[in-house]
Amino acid sequence: MGAGASAGEITADTVAGKAEEVLTLNPDNRCVKYLLEMKNEGTLPTEAADLARLYACAKTGLENVDSGLGCYAMDPKDYDDLALFFDKVCNDYHNNPAGDKTHVTNWSLEGVEGLPEGGVLDMREIGMTDELSMRVRVGRNLTTFPLPGAMTKADRVNFEKTMQAAFDVLIKDEAYGGQVFSMTPNDVWKEVTGDEENPNLITTEKYDELVAAHVMFKDMAADPFLASAGIASDWPCGRGCYQSADGGFIIWFGEEDQLRIMCMAKGFLLNDVFDRLNTALKYVEGIDGIDFATSGKYGYVTSCPSNLGTGMRASVHVKVPNLTSDGTDLKAKEAAKPLGLSVRGTGGEHTPIGADGTIDLSPSNRLFITEAEIITKLYNGIKLLMEKEAAAGAASVPAPAAEEAAPAE
């Protein structure tokens, strides 16, 4: 059941056997848990083609014991066609035990619980004195290509060329401008497109510079979860990004989702990046040939079930030196989790926190929550976490020594 297993070697019994083995080692691996539940229910596919399709989605969870979810969709239609599996995983992960929720998209802040008066998410009003690094991104996939885990090398390059037409529209618009940075080698570009050279190819030095500036994503080939899922295959073909002239609007192509579309800025007003992204998304989706994949139940389709719905991650970098005084983010995560917030390193998932105690903070939920609720939750979450940070600082201050009693007369 390794990476080299062919469709002909896969049977319901071998899948169930491997799932049992993994579940013994990690009972929190949802993928294998629900594969076994399907086996016991008699709903695990027995037809070779159907089982191979399910196996492709579940492969990363079967090969990576420490997976929490352990599955990726390979096609936008998988969430419907393989609903017997994905509904179980999604209802568990997204706290939908009755399975009766349907995702609703809504960017309007009007009437959102916890919204400050006037709808302005100004972090100076909750005690922040230094400008914060703010970023809001969404995952999106086109209906006309497989999801990244099932893409061939040719798919990846053809997808890049499809997006080039959309990037050309953005570049010609004075409100956006900018340029494209591509990592697809010239020989692969010529092999797939017939063109002699990739017009947007960058050097290794430029790539490293963009990664350091958090404009470009890191090499995915080193990620065992993405590698097992096929998402990291053919690196670096079909990978790169578009960046607007002012640097604040970025579109990654060829990452975990076909597109990661984001706005970032330093400042105090979360509305700035939130509103800009909403406007830009409408503009991009209005470009000829761009049709984002959606599900009637789960909203915007993403490779990983954890990102379904909004596909949104809204984050800020905040300093919490008291909660990270031991050099780790363990206390910060412990404080953030009850608030519905996730903590990462400043370079993203699986990266270290800043030397000054800076963490990347974002709301955890993506599905069955609106975009407007996510950004408002971030605003209020920052306030609550900073209260915990202050309390941690007060607790670390030693109590004053008691005055020595005067000697008896």
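Visitor: Is lysine 319 buried, exposed or partly exposed?
Guide: Lysine 319 has a relative accessible area of 48%.

Visitor: Which side chain does lysine 319 meet in a salt bridge?
Guide: Side chains of opposite charge can pair when their charged atoms come close. Here the partner of lysine 319 is aspartate 356, at 3.7 Å, N to O. Lysine 319 sits in strand β8 and aspartate 356 in the loop between β9 and β10, so the pair ties together parts that are 37 residues apart in sequence. Aspartate 356 is partly exposed, at 39%.

Visitor: How many salt bridges are there by this rule?
Guide: The count comes to 24. One of them joins lysine 39 and aspartate 13 at 2.8 Å, N to O. Lysine 39 belongs to helix α2 and aspartate 13 to helix α1, so parts 26 residues apart in sequence are tied together. Aspartate 13 is exposed at 56%, and lysine 39 is partly exposed at 32%. There is also a network of salt bridges, which links Glu255, Glu256, Asp257 and Arg260.

Visitor: Where is serine 315, and is it buried or exposed?
Guide: Serine 315 is in strand β8, residues 312–319. It is buried, with a relative accessible area of 4%. Its contacts beyond four places in sequence include Met134, Arg135, Asp360 and Leu378.

Visitor: What is the order of the strands in the sheet?
Guide: Strands of a sheet pair through backbone hydrogen bonds, either parallel or antiparallel. In this open sheet of eight strands, the pairing is antiparallel and the order is β2-β3-β4-β5-β1-β8-β10-β9. β2 and β9 stand at the edges with a single partner strand each, so one side of each has no neighbour in the sheet. From one strand to the next, the twist averages 20°.

Visitor: How many bridges join β1 to β5?
Guide: Nine, and the two strands run antiparallel. Glycine 139, for example, has arginine 260 in β5 as its bridge partner.

Visitor: Which helix packs on the sheet and touches β2?
Guide: Helix α6, residues 153–172. It also touches β3, β4 and β5, and its direction makes about 170° with that of β4. Helix α10 lies across β1, β4, β5 and β8, at about 25° to β1.

Visitor: What is the average pLDDT of the chain?
Guide: The average is 93, and 94% of the residues score at least 70. Over residues 1–7 the pLDDT is below 50. Where pLDDT is low, the predicted coordinates should not be read in detail.

Methods:
Residues are numbered from 1 along each chain as its sequence is written. This is a predicted model: local features need pLDDT of at least 70, side-chain atom pairs count only at pLDDT 80 or more; totals for chains, interfaces and linings use all residues. Side-chain values use heavy atoms; hydrogens and water are left out. pLDDT is the predictor's confidence in each residue, from 0 to 100. Contact means heavy atoms within 4.5 Å. Helices (H or I, at least four residues) and strands (E, at least two) are DSSP runs, numbered from the N terminus. Buried means under 20% relative accessible area, exposed over 50%, partly exposed in between (1.4 Å probe, protein chains only). Two strands pair if DSSP finds at least two bridges between them. Axes are lines fitted to C-alpha atoms, for helices over the stretch in contact, and angles run from 0 to 180 degrees between N-to-C directions. A salt bridge is a side-chain nitrogen of Lys or Arg within 4 Å of a carboxyl oxygen of Asp or Glu.
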